[in-house]
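Some remarks follow on the aromatic side chains of this entry. Please read them alongside the coordinates.

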Amino acid sequence: VYYEEDELWRIQEKLECYFGSLVGSNVYITPAGSQGLPPHYDDVEVFILQLEGEKHWRLYHPTVPLAREYSVESEDRIGRPAHEFTLKPGDFLYFPRGTIHQADTPPGLAHSTHVTISTYQNNSWGDFLLDTISGLVFDTAKEDLEFRAGIPRQLLLQVDATAVATRLSAFLRTLADRLEGTKELLSADMKKDFVMNRLPPYCMGDRAELSVPGGPLPRLDSTVRLQFKDHTVLTVGPDQDQSDETQEKMVYIYHSLKNRRETHMMGNEDTESHGLRFPLSHLDALKQIWGHSAIPVKDLRLTTNEEKENLVLSLWTECLIQVL
């Protein structure tokens, strides 16, 4: 069993790097002549790997394409299957979010075992927009007096929304204009949630390379390279150590090197986020490190040599860079 768990760790970790979103897995063991779930659709992209026995599948056209929630559908609503087939050991199946499906183990055969691997939950453009819009409004309101003006008296009591919609449309156009051509790093909560809840890098042994920096200490004359890039996110957000009135933006780096497999996708509020915080003036230098396969420390776009050395030392201490 431990070997199989290790193998799932290896597969899911690689898929999380590839997709840039959380990847979960469930094992289904169904006795002969039985069915686990009624016809339904899911809010995830689904990959099925048949391990033991056979599984008879029926797939139906979605009633809600690219669904954002789980739902059971009645037999009289879904019509005839669009696809019907039986998976045997080693067979692989993919179907998109919203695809209605049901599966059963044929009678007279051994039990069926399959692994369901799923991803892209709450990972749509709509989710990304919800994640970025609040920060965009906050930043714009700092500079635009109209965004800080009070809403009209008794606006919340009005029934006719026509005038309000027109005003809000103008605000949205302002936000869109601000967003056009921006080079800022967008999204904060989605990035942090992904890194906090994802799997650590797959490795054999005691995982020392993920917690103890190795190799020589980085210095001004060193050349460094980012490692575990797929396990690290870079984002910009308000300084969490300051009050709302004095908040300045900081650069945050979060990584999953110290995550625990046991809490993968558990959504535990006590989950600790591992990473670093730098002044906004360090963003260009960090983008250099992220954008190059290797870069001399002295070439980093920072004002002083001390800042350059301190930056790479901080990253090295977190095992995020290595000296070449």
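Is Tyr202 buried, partly exposed or exposed?

1. The model is a predicted one. In it, Tyr202 is partly exposed, its relative accessible area being 27%.

2. Trp9 is buried, with 6% relative accessibility.

3. The model has 10 aromatic pairs. One of them joins Trp9 and Tyr202, with the ring centres 5.1 Å apart and the planes at 70°. The pair is edge-to-face, because an angle over 60 degrees falls in that class. Trp9 belongs to helix 1 (residues 2–19), while Tyr202 sits in the loop between helix 6 (189–197) and helix 7 (208–211), so the contact ties together parts 193 residues apart in sequence.

4. Trp125 and Phe128 make another edge-to-face pair, since their planes stand at 90°, with 6.0 Å between the ring centres. Both residues lie in helix 3 (residues 125–143), where they are three residues apart, about one turn of the helix.

5. As for accessibility in this second pair, Trp125 is exposed at 75% relative accessible area, whereas Phe128 is partly exposed at 28%. The value for Trp125 is over 50%, which means that it counts as exposed.

6. Finally, a grouping of rings should be noted. One aromatic cluster is formed by Tyr18, Phe19, Phe47, Phe92, Tyr94 and Tyr120.

Terms used:
Residues numbered from 1 in each chain as written. Predicted model: local features only at pLDDT ≥ 70, side-chain atom pairs only at ≥ 80, totals over all residues. Heavy atoms only, no water. Phe/Tyr/Trp six-rings, centres within 6.5 Å; stacked < 30°, edge-to-face > 60°. Helix = DSSP H or I, 4+ residues; strand = E, 2+ residues; numbered from the N terminus. Buried < 20%, exposed > 50% of the residue type's maximum accessible area, 1.4 Å probe, protein only.
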